[in-house]
Amino acid sequence: MDQLDLVIIGTGGAAMAAGIHARAQGKNVVLIERGVVGGTCLNVGCVPSKTLLAASGQREHALHNPFPGVPTSAGRADLQSLVGQKDDLIEQMRAAKYLDVADAHGFDIRRGEHRFADPQTLLVDGEPLPAAAYIVATGSEPTTPGLPGLGDTDWLTSTTAMELQELPESLIVIGGGYVGMEQAQLFAGLGTRVTLIGCLAPHAEPELAEVLREAFDRVGITVAEQRAVQVATEAGAVSVTTDDRQTVTAQRLLIATGRKARTDGLDLAAAGIEVDERGFIAVDARQQTNNPKVWAAGDVSGAPQYVYVAAETGRAAAVNALGGKREIDYTGLPAVIFTRPQLASAGLTEAEALAAGHTCDCRVLGGEDIPRALTNQDTLGALKIVIDADTGKVLGVHAALDGAGDVMLAATYAIKAGMTVDDIADTWAPYLTMSEALRIAAGLFRTDKPTSCCA
């Protein structure tokens with residue numbers, strides 16, 4: 001068999017971006033997949049969760065309608081129908097955004113089991129697949145915490161929870177990070193009684209975490225910001241005991257305590273590939289492993305777990321594996337958690353800015369001062385701007401708002417461009433949009449007196 005220019009293990013965002021770049025350079029490239037084409041985002045992450053969250057949100061909005069003049073109703077959700085609709089969308093997107101794209105760019109996706117035989121050789125179904133370079137882009141999967149009693153419990157992950165055909169009457173979610181918060185609101189909006197155990201939004205600005213606490217309380221989600229220490233199953237129910245000796249009981253249990261690199265079966269040791277202290281493949285700034293023939297990209301490389309980051313690291317890995325030079329610039333990186341309201345950020349938090357040596361100044365704009373929120377009849381929310389006090393440059397923007405994720409595009413541009421808070425305050429913003437909150441918040445650095453709607 002002739003040697004390929006590049007072999008990529010995986011078919012998610014990182015792998016597809018790498019394959020597209022390689023073909024654009026006229027290189028011979030093959031993607032290897034032992035499971036379902038599409039990676040984490042398409043199959044078990046972004047697409048299914050946001051689809052079901054959108055459905056859940058429709059029902060929740062009907063239940064908590066702020067306009068009494070418009071009658072709404074919310075009956076019992078048909079989870080089987082919603083899951084079927086979600087699965088149909090995944091199938092459509094797999095064809096349109098992965099299989100058809102591979103065909104259009106002219107690279108093959110081969111099915112087969114894969115592992116390294118030695119530092120130079122990848123085996124696919126037991127046969128060597130020679131290549132000048134390899135990229136590992138196998139993604140991540142849910143972690144399993146070492147909780148006593150968990151092994152005797154039929155517990156759910158975010159993956160298996162989104163495959164359920166019947167809605168549980170009650171659910172305990174362990175984990176207050178982005179997966180736990182989204183899954184808690186997903187099921188609560190559909191009618192499940194939910195208790196979340198763990199620190200809510202642990203990496204968010206404290207002012208915004210408080211907004212999420214109020215939002216969860218509004219829709220009846222009980223939040224116990226404690227640590228789960230034991231799980232038990234009895235009489236068809238599961239109970240979780242926390243470190244302050246509180247016990248919570250529900251029909252089902254969902255574990256959302258983080259994700260780990262998916263490297264099982266790869267035999268990284270045979271290739272001499274090192275992993276970091278968290279189990280992710282260790283890479284340098286160019287996505288190269290300690291094996292000079294192997295690069296890694298996306299979640300498996302320990303990069304921030306967003307599909308757009310996966311794609312950029314995949315592109316960088318391909319550039320470098322083919323002899324080029326590319327490093328990722330994470331300045332102003334945006335992130336969105338699709339809770340209600342959305343929790344979103346771009347750039348540094350106040351704590352991160354201080355740790356980096358900046359002299360910080362911050363302002364927080366409440367939802368009651370955002371005209372769009374007032375017209376929506378829902379002022380729960382806030383936006384925070386973090387700046388360098390010496391230069392006025394914007395270091396970070398953080399928001400818990402309806403549509404906060406859309407605000408972050410402008411925030412990312414501002415941070416990347418080195419704009420000052422005065423630049424933002426003096427830039428046009430369309431009235432009665434949520435993005436206008438960015439300009440209004442920038443104006444708070446000039447005065448703490450109230451302003452008129454458009455002043």
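Visitor: Which helix gives the largest share of the lining of the second largest pocket?
Guide: This is a predicted model, in which local features need pLDDT of at least 70, side-chain atom pairs count only at pLDDT 80 or more, and totals for chains, interfaces and linings use all residues. Residues are numbered from 1 along each chain as its sequence is written, and side-chain values use heavy atoms, without hydrogens or water. Two helices (DSSP H or I runs of at least four residues), α3 (46-63) and α7 (206-218), each supply at least two lining residues. The largest share, seven residues, belongs to α3.

Visitor: Which residues lie closest to the centre of that pocket?
Guide: A pocket is an open set of 1 Å grid points where a 1.4 Å probe fits, with protein on both sides within 12 Å along at least five of seven lines; lining residues have an atom within 4 Å of a point. Of the 31 residues lining the second largest pocket, those closest to its centre are E60, H61, R340, D378 and D402.

Visitor: How far apart are the end C-alpha atoms of α3?
Guide: At 1.5 Å a residue, the 18 residues of α3 should span 26 Å. The separation in the model agrees with this, at 25 Å.

Visitor: Which residue in β13 does A232 face?
Guide: Strand β12 (residues 228-234) and strand β13 (residues 237-242) run antiparallel, joined by six bridges. They form a hairpin with two residues between them, and A235 in the turn has a positive phi of about 55°. Strands are DSSP E runs of at least two residues, and A232 stands opposite S239.

Terms used
Two strands pair if DSSP finds at least two bridges between them. The expected span of a helix is 1.5 Å times one less than its number of residues.
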